[in-house]
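Work through the exercises below with the structure open beside you. Try each task before reading its solution.

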Amino acid sequence: MKASSDVTAEPSNAPESPSSRLQGFAYWCAMGLGTLGLLMAINQTFNLKILGFQPLGNAYLYYLIGVFLAAAFLCFPAWSGARHRVPWYDWPLALAALGACGYLGYHGLIMIQLGWDYMAPIEATAASAVLLVLVLEGVRRCGGWPLLAVALLFGTYPLYAGSMPGFLWGNEYGLAETIRAHVMGVESIIGIPMQVVAQLVIGFVVFGAALTVTGGGEFFMRFSTALMGRSRGGPAKVSVLSSGILGSLSGSVISNILTTGPITIPTMKKTGYPAHYAAAIEACASTGGTLMPPIMGAVAFIMASFLGVPYSEIIIAAFLPALLFYLALIFQVDIYAAKRGLKGMPEADIPSMKETLKDGWPYLFSLAMLIYMLLFMRLEAYAPYYATVVLLGISMFKRRHRLNLKRALAFILDLTTSVSNLVAILAGIGLVVGGLSYTGVAGAFSRELLLYADGSIPLMLAAGAVTSFVLGMGMTVSACYIFLSILLAPALVNAGLNPLASHLFILYWGMMSYITPPVALAAITAAGVAGANASKTGLYAMRLGGILFILPFLFVLNPSLILQGALGDILVSVVTAVTAIWLMASAMEGYLYRVGVLAWPLRILVMISGVVLIYPDIVTDAIGFSLAGLIYAWHQWVRRPMSLKPG
């Protein structure tokens, strides 16, 4: 497991690991920057005032950006030919990041007091211009050209907003004003996304990195195998469970596939799953990890900040939809195995659950401690650090998991690359937020959408789904969510939909591109591991993850599925939703429990019964359950006696 990506905002171009690039002096410089950044984060979070250092105002944010943006220039190459070395031009870029941010951080307090975002000394404007250029290069390296194009388009919007027609018109700024607003204002580069990283996310990256270097990934894989390996289609269920657990902690889609896939995919192929199907399972399971609490990636913390609610509320609301997604995957792989008579893993390959828990209980204990502190003690900023200390402390008594020098260096490297990637991307996304905010276009867009939809919630949701999906093709999940939470979410909320459900709706649809062609980054990565056809894998991943297309509509129209409302309504909604996804999985795989292989007419009826159950209404629920009951009755009293009739 790797503590990266949408805890470190998975880059859309999925850059390679920088470990081969960082050698010699560059390695130690990157490690030094990462260590300095970690110490600053701990010092600020716990108010330690190490050596009397306690940045005031926005100084801490500038220092953090400077350190990790400099590290990003060392860790991530400007072009593919520099993957295995740090060329000379990356050094002045790193030094410029440190210099510009050092200057801005040093003047962080006076910047606020004198309103430098409106009028500043010439040297401050020059430093801001340098940082702006560096941020654009950083987002290009870590997020790819599409994300750079989006950052440039909206970052420069204040320059020409006054010339735009209709609702696209906004307040226009001069070049120097735009630079100052983006860099020294509080709604752009150092806006909410960067504040969330500085105050919350780094701690969770620390916990994920500690879990990785002490062997947590291996433990959760063994745990999943011991739990599910014996059942029919066991390897596929192990893939679903292990990828879900690891993904929920790392928040990364691609690194999750590259970590668990080389183990789960060959095992699935051995027990009878085709290569493309095995790769599709791994792609879907890893994608769902970003939606599964407790960590969910940086986007969940940003969502909590935008909504102004405790992070624990996001965890609670996201739990049931994510569970339903994984339940749908389990149903499908089990039905696939039942239809084809696939068996579980050989007994010799299944570890003892007792021995697995005996060896790996520190991981479960530290995870339980983290969840307890998040849900009950509401210590979002402190919880991951405390859980990390407990995990590392207990691991010292187990030689296999002890944090020795080699693992400590791996821990720092993982932390450095993860946070530098995240900071580079979210600094660029800050330009999008700032451009829309300073011009006032964000509010106008939401009002226009409400007028266009004319009060039609289905039309608004359909437009939101399509927009989220398209943007998800060229942007990271965090970038897509931040963009749409400003433009689209206010319109959904003003239309009367639940605010938390509306924001989750955007998040889910932004995830679609990972498993849906033509992008299907998760499917392509898994296909590479499996040696399967990428296009075929993408189509199967889209089918297996089909519940992702439906779930957002389920909980945005029925908030009881995000555990809001009366207990009775929640229980009814859960039973109905589970039945619906089971019937739809059966229809997609063409096999129904206690009925067997489904002919196409029955297959269509089973799908209809599942689809009807989706809509939250007592009449549709009655129709759906009745139709499913009739299918079983017909099989029991008509088809089965006919099949048993001799000759």
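This is a predicted model: local features need pLDDT of at least 70, side-chain atom pairs count only at pLDDT 80 or more; totals for chains, interfaces and linings use all residues.

**Exercise 1. A cis peptide bond**

Task: Which residues does the cis peptide bond join, and what is omega?

Solution. Step 1: the bond joins Pro293 and Pro294. Step 2: omega is about 20°. Step 3: Pro294 is placed in the loop between helix H13 (275–289) and H14.

**Exercise 2. Packing of two helices**

Task: Describe how helix H14 (residues 298–307) and helix H23 (residues 499–511) pack.

Solution. Step 1: the angle between H14 and H23 is about 145°, and their axes are 11 Å apart. Step 2: the crossing of these two helices, H14 and H23, is right-handed. Step 3: look at the residues that meet. H14 contributes Val299, Met303, Phe306 and Leu307, while H23 contributes Pro499, Leu500, His503, Leu504 and Leu507.

**Exercise 3. Salt bridges**

Task: How many salt bridges does a search of the whole structure find? Then examine the pairs made by Asp90 with Arg21 and with Arg141.

Solution. Step 1: the search finds eight salt bridges. Step 2: in the pair of Asp90 and Arg21, the closest N and O atoms are 2.5 Å apart. Asp90 lies in helix H3 (residues 90–106) and Arg21 in the segment before helix H1 (24–46), so this pair ties together parts that are 69 residues apart in sequence. Step 3: check accessibility, where buried means under 20%. Asp90 has 0% relative accessibility and therefore counts as buried. Arg21, at 2%, counts as buried too.

Step 1: Arg141 and Asp90 also meet through their side chains in a salt bridge, at 2.6 Å from N to O. Since Arg141 is in helix H5 (residues 122–143) and Asp90 in helix H3, the pair ties together parts that are 51 residues apart in sequence. Both Arg141 and Asp90 are buried.

Task: Where are the partners Glu589 and Arg543, and is each buried or partly exposed?

Solution. Step 1: Glu589 and Arg543 form a salt bridge whose closest N and O atoms are 3.0 Å apart. Step 2: Glu589 is in helix H27 (residues 567–589) and Arg543 in helix H25 (residues 534–544), so the pair links distant parts of the chain, 46 residues apart. Step 3: Glu589 has a relative accessible area of 2% and is buried. Arg543, at 28% relative accessibility, counts as partly exposed. Step 4: elsewhere, salt bridges that share partners join Arg21, Asp90, Glu137, Arg140 and Arg141 into one network.

Conventions:
Residues are numbered from 1 along each chain as its sequence is written. Side-chain values use heavy atoms; hydrogens and water are left out. Axes are lines fitted to C-alpha atoms, for helices over the stretch in contact, and angles run from 0 to 180 degrees between N-to-C directions. Helices (H or I, at least four residues) and strands (E, at least two) are DSSP runs, numbered from the N terminus. A crossing is left-handed if the near helix is turned anticlockwise from the far one by less than a right angle, and right-handed if clockwise. Contact means heavy atoms within 4.5 Å. A salt bridge is a side-chain nitrogen of Lys or Arg within 4 Å of a carboxyl oxygen of Asp or Glu. Buried means under 20% relative accessible area, exposed over 50%, partly exposed in between (1.4 Å probe, protein chains only).
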